[in-house]
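Here is a short briefing to read with the model open beside you.

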Amino acid sequence: MKKSVFFLAAAAMAFAACNIEIVPENKVTFSAQCETSPASKAVLGINGESKPQTFWEFGDAINIFSSGSGETQSGVAGYQFVTSIGNKATSADFTCVDDGFVEGDLYYATYPYRNNKRGVNFTGADGTYRLAGLQIPASQTLAVGTFDKSAALSVAFAEGGSKSLQFKNATALIKFRVSDSDIVNGRIKVDDADAIAGTFRADVATDTKALSLETYGQPVYSAVEFSIDGSTPLATGTDYYVAVRPTSLTSSLKIYLNETLVKTIDNSALPALERNKIYNLGALALPAAPPKDKKTLVFDFSGDPLDGWPTADKWKNAPGELTCKYALDGTEYSFFLTDVGNASSARMCWDKAKGGLIWYAGWRYLGLPAISGYKLIKVSGVMCLGTNSKRKAGIVTAVASTNDGETVDSAHTFVSGGASTGWTTQDTTYTFNLEGTEANTVYYLLCTATSIGVSSLELVYEEI
């Protein structure tokens, strides 16, 4: 198959003047200019030249961060500005809805508005200005002819007290169509070493003002899931877009539809995803061969523990090494609860009071059922513990014999697609899409940091 990627003509991104209220009779106005390139706004239309064009709509909001609040700031959400524009337009006034805006010499601005707390550094001491906490969702909702509003990340930076904000698109866009009428979901996947979604830091170079999104220890992901609502088929002959983080690629970019690989682009043809570009994948179709049989198993851990499962933390003064049974539709499946080989106590159990199956600490393992003739391709868990940014999990091939002098990475082999990543937010579903697994083989869901818990666990197996 010939592998190619096409670049679209740039689509204009529209940003507008921002009215920032200090007191009702004394408004400070920020003018905002856009980059003539791929749309970073949620609403796409056609301008007078029949090229894609973006517009502001009523209720759109942005964040503005000011150095007047301090050269270094932590745990701040910025100031929220909202537009009450009547009709969509390429410019709009934004008015501050927060109290206490302070003018400064330097400003960061971001779209879309998020109230998450973050750090900002206006010192430029290392050659960059920095703003943390920018998010590209790992699960995006498709819309006809446009893309997920929550993923339309853009950033502006101004210095010297300038009230002119030059917004830049912070993402790359993947564009595609589908040729089959029964496509309900899909996934864009890169190597585990390449982060294309998650939480990033926006760095602006002090000299060139170049914008980049950098990792900084927060949860990041090597895949982006997409669908309309999980069950509605995508329309054929319709353009869809998915936003991804610009980054160099260490291996192939892969596209899946209905859990089936439909296109692979080698990194020799696509060495990087660049900011402010749209990559057109063309029309995507499922392979002609009949799909392989799949088994989807959903295990509910939110209720009363089943017989034979431990129900309290530290139920043994040694690694657990306990096989527990769970019956679904008349078939009994075996799970293996255990801990790192030198553990002083068993710290995995089904704790109803905590909401489900709990890994009380890192280096704790759940061996997943092995099925003859089928390989494990997907693991999804609904996190039942309280939100904590330090929680992490991964899928590994074996239990480590010791953690003495070892790191989680050095002591384990992670399955492709199962790299350690954040499981941070309560009631959120986290998913590993696995590659290179073998039939009738036990793989382990490992807590790699702090603790995790699942109220339910979905496992998908594919016939070999």
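Two strands pair if DSSP finds at least two bridges between them, and strands themselves are DSSP runs (E, at least two residues), as helices are (H or I, at least four residues), numbered from the N terminus. With that in hand, an open sheet of 6 strands can be followed in the order S29-S30-S33-S38-S35-S36, with antiparallel pairing. Please keep in mind that this is a predicted model, in which local features need pLDDT of at least 70 and side-chain atom pairs count only at pLDDT 80 or more, while totals for chains, interfaces and linings use all residues. Residues are numbered from 1 along each chain as its sequence is written, and side-chain values use heavy atoms, with hydrogens and water left out.

**The chain as a whole**

- The secondary structure comes to 1 helix and 39 strands.
- Of the 464 residues, 50% count as buried; buried means under 20% relative accessible area, exposed over 50%, and partly exposed in between (1.4 Å probe, protein chains only).
- A contact means heavy atoms within 4.5 Å. Among contacts between residues at least 6 apart in sequence, 74% join residues at least 24 apart.

**Confidence**

- pLDDT is the predictor's confidence in each residue, from 0 to 100. Its mean over the chain is 88, and 89% of the residues reach 70 or more.
- Residues 1-26 have pLDDT below 50, and this stretch has 103 contacts in the model beyond near neighbours in sequence.
- Residues 38-52 also have pLDDT below 50, with 59 contacts beyond near neighbours in sequence.
- Where pLDDT is low, the predicted coordinates should not be read in detail.

- Strands of a sheet pair through backbone hydrogen bonds, either parallel or antiparallel.
- The edge strands of the 6-stranded sheet are S29 (322-328) and S36 (421-422), and each pairs on one side only.
- Inside the order, S35 (residues 392-396) and S38 (residues 444-449) run antiparallel and are joined by 5 bridges. Ala 393 has Cys 447 in S38 as its bridge partner.

**Strand S34 and its partners**

- S34 is largely enclosed by the rest of the structure, because 9 of its 10 residues are buried.
- S34 pairs with S39 (residues 452-463) in the antiparallel sense over 9 bridges, and Tyr 374 stands opposite Glu 463 in S39.
- S34 also runs antiparallel to S37 (residues 429-433), with 5 bridges joining the two. Here Val 379 has Phe 432 in S37 as its bridge partner.

**The second largest pocket**

- On a 1 Å grid over the protein atoms alone, a pocket is an open set of points with protein on both sides within 12 Å along at least five of seven lines, while a cavity is a set of points where a 1.4 Å probe fits but cannot get out; lining residues have an atom within 4 Å of a point.
- The second largest pocket has a volume of about 490 Å³; grid points are joined across faces, edges and corners, and a volume is the space filled by probe spheres set on the points.
- This pocket is lined by 21 residues, of which Glu 259, Thr 260, Leu 261, Lys 294 and Glu 462 lie nearest its centre.
- The elements that give two or more residues to this lining are S25 (260-265) and S34 (374-383).
- The lining divides into 9 nonpolar, 4 polar and 8 charged residues. Ala, Val, Leu, Ile, Met, Phe, Trp, Tyr, Cys and Pro count as nonpolar, Asp, Glu, Lys and Arg as charged, and the others, Gly among them, as polar.

**The cavity and a cis bond**

- A search of the whole structure finds 1 cavity of 30 Å³ or more, and the largest cavity holds about 40 Å³ of space.
- Residues lining the largest cavity include Thr 110, Pro 112, Arg 114 and Leu 153.
- S12 (residues 128-136) gives the largest share of this lining, 3 residues.
- Pro 112 is joined to Tyr 111 by a cis peptide bond, with omega about 0 degrees, and Pro 112 is found in the loop between S10 (107-111) and S11 (118-121).

**Positive phi in loops**

- Glu 321 is not a glycine, yet its phi is positive, about 50 degrees. Glu 321 lies in the loop between S28 (294-300) and S29, and counts as exposed because its relative accessibility is 54%.
- Thr 450, in the loop between S38 and S39, has a positive phi near 70 degrees. At 35% relative accessibility, Thr 450 counts as partly exposed.
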